[in-house]
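Here is a short report on one protein model. Keep the sequence and the 3D view open while you read.

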Amino acid sequence: RSLSRTEHARIQACMETANFVIYQLPADRLVSKLDIQSFGQQLGLYQLDHNLCADEESISTLRAMQGKNKEYIPYTNKALSWHTDGYYNKPEQRVRSFILHCVRPAATGGENCFLDPELVYIQLHDLDPQFINALMHPETMTIPANETNGSQIRAAQTGPVFFIDPNSKHLHMRYTARTRSIEWRNDATTLAAVHALESILHTSPHKLTIRLNAAQGVISNNALHNRSAFHDDQARKQIRLMYRARYYDRIR
């Protein structure tokens with residue numbers, strides 16, 4: 001709840017280098033959602049994204065769940081493919097950063113992998129500048145509407161993969177590697193660019209893979225990330241529990 005100048009400077013330096021930071025608290029430190037909110041505010045993060053499955057505090061509790069949320073992959077123990085958070089949001093609700101805090105790891109699995117979108121942009125540009133033009137087209141990627149029992153929960157969202165954020169003037173990325181419920185612009189260069197992007201995600205030497213332990217977490221300007229499948233041990237009460245706060249602000 002009270003970062004030192006040294007801690008704040010170190011976070012800033014890591015963000016400049018990689019657009020994400022791994023932090024470690026004392027292993028026995030219990031962190032509340034109020035702690036997460038206070039942490040974010042010290043980094044200039046105030047506008048929380050109240051997504052469909054968020055709690056009252058607009059912070060999501062991520063665990064393998066039963067009930068209404070089990071149809072959404074983050075609330076299961078299944079693997080999550082590469083994505084940036086909120087790729088289905090409206091432009092005025094663009095997710096620009098997030099905090100992911102581990103309260104308790106799974107018995108096995110649940111590794112996260114992170115990759116700076118700016119490095120992906122550079123690699124794609126080096127392959128072919130036309131790939132960048134295609135992925136910055138305003139109709140590059142469409143996420144169809146989310147409908148349940150004939151009721152529309154969210155309208156279809158169309159937009160670019162890469163864009164310059166009008167608020168911060170920084171490069172941002174909107175992406176998912178999912179193959180269902182997604183429509184790519186039917187253009188030869190776009191499809192080639194998407195294929196090249198997928199290849200980079202598999203082969204980039206800049207990826208960082210980490211299995212977060214208790215009291216560890218990630219702060220990020222919405223870097224690309226994924227998650228491997230995991231298994232809980234109910235008998236030993238080793239049940240994976242994460243807090244996730246998404247923000248419309250970029251880390252200051």
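Contact here means heavy atoms within 4.5 Å. By that rule, and leaving out residues up to four places away in sequence, aspartate 85 touches Val95, Phe98, Asn222, His225, Arg244 and Arg246. The model is predicted: local features need pLDDT of at least 70, side-chain atom pairs count only at pLDDT 80 or more, and totals for chains, interfaces and linings use all residues. Residues are numbered from 1 along each chain as its sequence is written, and side-chain values use heavy atoms, with hydrogens and water left out.

**Aspartate 85**

Aspartate 85 sits in the loop between β3 and β4. Helices (H or I, at least four residues) and strands (E, at least two) are DSSP runs, numbered from the N terminus. Buried means under 20% relative accessible area, exposed over 50%, and partly exposed in between, with a 1.4 Å probe and protein chains only. Aspartate 85 is buried, at 4%. Its side chain has a polar contact of 3.0 Å with the side chain of arginine 246. A polar contact is a pair of N or O atoms within 3.5 Å; within protein, one must be able to donate a hydrogen and the other to accept it, and residues adjacent in sequence count only if both atoms are side-chain atoms.

**Helix α2 and lysine 33**

Lysine 33 belongs to helix α2, residues 33–42. It counts as buried because its relative accessibility is 15%. The lysine 33 side chain makes a polar contact of 3.0 Å with the side chain of threonine 61. Not counting residues up to four places away in sequence, lysine 33 touches Asp55, Glu57, Ile59, Thr61 and Tyr243.

Serine 32 caps the N-terminal end of α2, with a side-chain oxygen 3.3 Å from the backbone nitrogen of leucine 34. After α2 comes glycine 44, with a positive phi near 85 degrees.

**Cysteines**

How many disulfides does a search of the whole structure find? The count is 0. A disulfide is a pair of cysteine sulfur atoms within 2.5 Å. The table gives two cysteines.

| Cysteine | Relative accessible area | Closest cysteine sulfur |
|---|---|---|
| Cysteine 102 | 1%, buried | Cysteine 113, 17 Å |
| Cysteine 113 | 7%, buried | Cysteine 102, 17 Å |

The sulfur of cysteine 102 is too far from that of cysteine 113 for a bond.

**A three-stranded sheet**

An open sheet of 3 strands runs in the order β10-β7-β13, with antiparallel pairing. β10 (157–159) and β13 (183–184) stand at the edges, each with a single partner strand, so one side of each has no neighbour in the sheet. Two strands pair if DSSP finds at least two bridges between them. β7 (residues 141–143) and β10 pair in the antiparallel sense over 3 bridges. Methionine 141 has glycine 159 in β10 as its bridge partner.

**Strands at the largest pocket**

At least two lining residues of the largest pocket come from each of β3 (80–83), β4 (97–104), β9 (151–154), β16 (224–227) and β18 (241–247). β3 gives the largest share, 4 residues.
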